[in-house]
Amino acid sequence: MSEPIRRLPDAELEVMQAVWRFDPPVPRAEIERAVGETRPMAQTTLLTLLSRLAEKGFLRIEKQGRGSVYTPLVSERDYRASQSRRFVDSLFGGSMSAFASALCDSGLSRDELDELRRLLGRDAE
């Protein structure tokens, strides 16, 4: 990643999470249905959020017939990685050891800690 990806407000993040659930391009109706499962919102609100996401460079909007389809320009994986780094930097001063220590003290189960070790070892291979 060249530069950090900006943090999205909660409502915009919920819309992006809905978009990421589908293979692109995603029709507005699918996004509306997915968002409605957790946070019902007016169609005009959804369209405003989709426009904002496009302005911020997260989505590309393409007209298709009478409607529009949406293609993510930022992957969910890249967004999570960027926000995770920002979290560690802001809360732990960039110290991974402080972050790891806090995780160990947070009440994670033995299975969760084993899964974390496995994931960390994945990139070392």
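Predicted model: local features only at pLDDT ≥ 70, side-chain atom pairs only at ≥ 80, totals over all residues.
Hi everyone, thanks for coming. Let me start with the rings. How many aromatic pairs does a search of the whole structure find? It turns up 5. Take F87 and F99: their ring centres are 6.0 Å apart and the planes meet at 80°, and since planes over 60 degrees apart count as edge-to-face, that is what we call this pair.

Where do these two sit? F87 belongs to helix α4, residues 76–92, while F99 belongs to helix α5, residues 96–105, so the pair ties together parts that are 12 residues apart in sequence. F99 has another partner, F92: here the centres are 5.4 Å apart with the planes at 65°, so this pair is edge-to-face too.

Elsewhere in the aromatic story, ring pairs join W20, F58 and Y79 into a cluster.

Now to the helices. Helix α1, residues 10–20, packs against helix α2, residues 28–36, at an angle of about 120°, and their axes are 9 Å apart. That angle makes α1 and α2 oblique to each other, and their crossing is right-handed. Which residues make the contact? From α1 we have E14, V15, A18 and V19, and from α2 we have I31, A34 and V35. By type, the contact residues divide into 6 nonpolar and 1 charged, with no polar ones.

That's my tour, and I'm happy to chat about any of it.

Key:
Residues numbered from 1 in each chain as written. Heavy atoms only, no water. Phe/Tyr/Trp six-rings, centres within 6.5 Å; stacked < 30°, edge-to-face > 60°. Helix = DSSP H or I, 4+ residues; strand = E, 2+ residues; numbered from the N terminus. Axes fitted to C-alpha atoms, helices over the stretch in contact; angles between N-to-C directions. Parallel < 35°, antiparallel > 145°, perpendicular 65-115°, else oblique. Left-handed = near helix turned anticlockwise from the far one by under 90°. Contact = heavy atoms within 4.5 Å. Nonpolar A, V, L, I, M, F, W, Y, C, P; charged D, E, K, R; others polar.
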